[in-house]
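Trainee: I have a new model on screen. How should I read it?
Mentor: Let us look at it together.

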Amino acid sequence: MDSVLLCVGNCLMGDDGAGPLLAELCQAAPPAGWTVIDGGAAPENDIHAIRQLRPQRLVIVDATDMGLAPGETRVIDPADIAEMFIMTTHNMPLSFLIDQLRADIPDITFIGIQPEVVAFYYPIGPAVQQAVKTLHQRLGHWQAHGGYSTLTVTTA
């Protein structure tokens, strides 16, 4: 398989369920050429499985507070992940996971979807649901960063 999609998030935490929702959509309508892994809230547990697949491309999707409108989707440079204060509900920062896989996978892209509400027992909001559906549709003809803009990080 040459492409792996790692969906990250907690489906019990409102819009943080964007990743698991994408995994569900992919299970119902599998995108050609992709292996989909639902990493849940502990994606670091999937590092070994991803390495065994030996993909040329890894796309990681997670709800990420970027200060944008809900549902806005951006590519985040892995070098910026560690420097940004990214709200996370996960055990390890995603920069750790990316650093662990960088030597084995030539093309790693992190896609952030701006959440509106991340709180226990809230549903995924309509803007995030639409962003997930759009991303799912783009997987079938993925080019470069899926057509998403890169988040511009400014430091004070």
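Mentor: Start with the elements. Helices and strands are DSSP runs, numbered from the N terminus. This is a predicted model. The chain has five helices and five strands.

Trainee: What order do the elements of the chain run in, from the N terminus on?
Mentor: The order is β-α-β-α-β-β-α-α-β-α.

Trainee: How do I read the contacts?
Mentor: Contact means heavy atoms within 4.5 Å. Take the pairs at least 6 apart in sequence: 79% of those contacts join residues at least 24 apart.

Trainee: And charge: how many positive and negative side chains does the chain have?
Mentor: There are 7 positive and 17 negative ones, and the centres of the two sets lie 8 Å apart.

Trainee: Now one residue. Where is Gln114?
Mentor: Gln114 sits in the loop between strand 5 (107-113) and helix 5 (126-139).

Trainee: Is Gln114 buried or exposed?
Mentor: Buried means under 20% relative accessible area. Gln114 has 4%, so it is buried. Across the chain, 49% of the 156 residues count as buried.

Trainee: Which side chain does the side chain of Gln114 make a polar contact with?
Mentor: That of Asp65, at 3.2 Å. A polar atom of the Gln114 side chain also lies 3.2 Å from the backbone nitrogen of Leu68. Beyond four places in sequence, Gln114 touches residues including Met66, Pro70, Glu72 and Val128.

Terms used:
Residues numbered from 1 in each chain as written. Predicted model: local features only at pLDDT ≥ 70, side-chain atom pairs only at ≥ 80, totals over all residues. Heavy atoms only, no water. Helix = DSSP H or I, 4+ residues; strand = E, 2+ residues; numbered from the N terminus. Buried < 20%, exposed > 50% of the residue type's maximum accessible area, 1.4 Å probe, protein only. Lys, Arg positive; Asp, Glu negative; His and termini not counted. Charge placed at Lys NZ, Arg CZ, Asp CG, Glu CD. Polar contact = N/O pair within 3.5 Å; in protein donor to acceptor, adjacent residues only side chain to side chain.
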